[in-house]
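Biologist: I would like to go through a structure feature by feature. Please give the general idea where there is one, then the case at hand.

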Amino acid sequence: MTPEPLSARVLLACLHRHPTDTEIDLDAVDDVTWAEVVRLAAVQRVRPQLHQGLIASGRSRLVPPAAWDRLSSACQAIAFKNLAAYAQLSRLIGALQADGIPVLLLKGAHLAPEVYGNLAQREMLDFDVMVPLARIA
């Protein structure tokens, strides 16, 4: 079995609820690895959680400025995109409910406010909603 790359282990450590309990010495991570951690977080769509975790643990200072700027900028863009998307979703739900069509939010649309408590903490590409089959037309 191939060991996980250092960047993957660092990302997992940063996403850990208590990063001080992990086996990774985040103080010793080099600039190249941090850049790869930010890239991997983008691939896994966990940049907001990485950003928030680093801030909450006081470890954001360990991330090189270029990588931190990329991460912060991406998180700001995610927040703006999510706010705009939720505004559209709210209008859609309102229109459906005005027509007496019940709507159930699934996955990210439900998770962001309910589980993360913050619309900006969940990267989403779309919204999944469920309506009764009989009401689709």
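Modeller: This is a predicted model. A search of the whole structure finds one aromatic pair.

Biologist: How are the rings of tyrosine 86 and phenylalanine 127 arranged?

Modeller: Planes over 60 degrees apart count as edge-to-face. Here the ring centres of tyrosine 86 and phenylalanine 127 are 5.0 Å apart and the planes stand at 75°, so the pair is edge-to-face.

Biologist: Which parts does the pair tie together?

Modeller: Tyrosine 86 belongs to helix α4, and phenylalanine 127 to the loop between α5 and β2 (128–130), so the parts joined are 41 residues apart in sequence.

Biologist: Is tyrosine 86 buried or exposed?

Modeller: Tyrosine 86 is buried, at a relative accessible area of 12%. Phenylalanine 127 is partly exposed, at 24%.

Biologist: How does one describe two packed helices?

Modeller: By the angle between their axes and the distance between the axes. In this model, the axes of α2 (residues 31–44) and α3 (residues 47–56) come within 8 Å and cross at roughly 135°. That makes α2 oblique to α3. On α2 the contact is made by Trp34, Val37, Val38, Ala41 and Ala42, and on α3 by Arg47, Leu50 and Leu54. By class, seven of these residues are nonpolar, none polar and one charged.

Biologist: Which residues of helix α5 are buried?

Modeller: In α5 (residues 107–116), Gly108, Ala109 and Ala112 are buried. Their arc around the axis is only 115°, which puts them on the same side of α5. The buried residues of α5 pack against α4 (65–98) and β1 (104–106). Lys107, Glu114 and Val115 are exposed on the face turned away from the buried side.

Biologist: What follows α5?

Modeller: Glycine 117, with a positive phi near 75°.

Terms used:
Residues are numbered from 1 along each chain as its sequence is written. This is a predicted model: local features need pLDDT of at least 70, side-chain atom pairs count only at pLDDT 80 or more; totals for chains, interfaces and linings use all residues. Side-chain values use heavy atoms; hydrogens and water are left out. Axes are lines fitted to C-alpha atoms, for helices over the stretch in contact, and angles run from 0 to 180 degrees between N-to-C directions. Helices (H or I, at least four residues) and strands (E, at least two) are DSSP runs, numbered from the N terminus. Angles under 35 degrees count as roughly parallel, over 145 as roughly antiparallel, 65 to 115 as roughly perpendicular and the rest as oblique. Contact means heavy atoms within 4.5 Å. Ala, Val, Leu, Ile, Met, Phe, Trp, Tyr, Cys and Pro count as nonpolar, Asp, Glu, Lys and Arg as charged, and the others, Gly among them, as polar. Buried means under 20% relative accessible area, exposed over 50%, partly exposed in between (1.4 Å probe, protein chains only). The arc is that of the directions from the helix axis to the C-beta atoms. Rings of Phe, Tyr and Trp (its six-membered ring) pair if their centres lie within 6.5 Å; planes under 30 degrees apart count as stacked, over 60 as edge-to-face and the rest as tilted.
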